[in-house]
Amino acid sequence: MSKKNNWNDLNWRNIYAFVKILQSDLVVAYKNKDWEKVHFIQEKLAMSFEARSIAVRRVTVNDGKKTPGFDNIVWDSPIKKFQAIKQLREILVGKSGSYRSGPVRRVWIPKSTPGELRPLGIPNMIDRALQALIFLCLDPIVEEMSDTYSFGFRTFRSPSDAIQRIRTILDKPQSPKWLWDVDISKCFDRISHEFLEKELKVLLYARGNEYTSKWLKASIIDKGVIQTPVMGTPQGNIISPLLCNITLNGLENAIRDGLPSPNSKEGRKISGSWVCKICR
């Protein structure tokens with residue numbers, strides 16, 4: 001498609017349509033287990049003007065668009081946004097190993113529980129945009145491989161879908177009477193880098209793996225103190241929720257397989273509470 005040299009003149013309908021076609025091709029290649037083609041399409045998608053434009057748009061319309069990283073740069077004008085599209089290409093065509101992720105600025109925000117704080121990482125805008133670009137290459141595959149009843153951080157899914165699923169299970173006369181509410185303590189902070197890198201080596205093309213590895217190991221600066229992470233992925237990184245889902249995929253089956261059969265004596269009652277068959 002023709003590309004105009006002005007951010008305000010970009011045809012977003014055509015841009016999104018182009019990217020969706022490539023993402024559909026990506027899903028077909030994944031279902032055929034043709035990993036060579038998967039990686040070829042991912043690289044083609046990442047290099048495309050259209051995907052780079054969407055990546056820049058994502059980080060300039062979200063809630064953090066006015067919040068700079070440590071480089072103190074924000075893309076707050078059409079000229080800067082269009083230049084950012086070109087800057088992404090320079091990174092992509094650069095020599096392998098030349099990309100360096102900027103440090104992540106850590107801030108603390110209140111949680112829903114009074115007195116508790118949640119760590120939030122703020123990367124530089126160029127790192128956010130590159131993450132958004134790799135997200136476009138990885139998300140269609142993760143969607144295909146994700147657990148059936150996983151609703152968190154999923155494209156086209158929301159808490160409302162989870163509520164509807166629970167209601168469907170619980171609104172019958174013989175339905176379970178209890179739900180299990182499970183919270184994985186410090187999930188984002190404790191994700192294994194080794195596990196993720198092993199998974200991504202299969203799911204993502206080589207240069208994409210190079211970038212994700214740099215993000216996982218990027219320095220975190222908290223009140224002037226520099227930390228080099230050995231595990232976890234910062235909440236606030238665009239790609240972190242997707243990496244979390246990659247890590248947690250399979251949890252549904254693991255929980256289901258670890259429970260007694262709902263038809264057994266043990267399955268009908270545990271510690272005086274009816275077992276919820278939310279995973280079934």
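This is a predicted model: local features need pLDDT of at least 70, side-chain atom pairs count only at pLDDT 80 or more; totals for chains, interfaces and linings use all residues.
Local features need pLDDT of at least 70 and side-chain atom pairs pLDDT 80 or more, while totals for chains, interfaces and linings use all residues. Residues are numbered from 1 along each chain as its sequence is written, and side-chain values use heavy atoms, leaving out hydrogens and water.

View 1. T60 counts as buried because its relative accessibility is 6% (buried means under 20% relative accessible area, with a 1.4 Å probe and protein chains only). Leaving aside residues up to four places away in sequence, T60 touches W7, K65, W75, K81 and M125 (heavy atoms within 4.5 Å).

**View 2. The second largest pocket.** This pocket has a volume of about 970 Å³ (the space filled by probe spheres set on grid points joined across faces, edges and corners). A pocket is an open set of points on a 1 Å grid over the protein atoms alone, with protein on both sides within 12 Å along at least five of seven lines; lining residues have an atom within 4 Å of a point. Of its 34 lining residues, R58, A132, F135, T155 and I238 lie nearest the centre. Helix 5 gives the most to this lining, seven residues.

**View 3. The second largest cavity.**

Technical notes
Buried means under 20% relative accessible area, exposed over 50%, partly exposed in between (1.4 Å probe, protein chains only). On a 1 Å grid over the protein atoms alone, a cavity is a set of points where a 1.4 Å probe fits but cannot get out, and a pocket is an open set with protein on both sides within 12 Å along at least five of seven lines; lining residues have an atom within 4 Å of a point. Helices (H or I, at least four residues) and strands (E, at least two) are DSSP runs, numbered from the N terminus.
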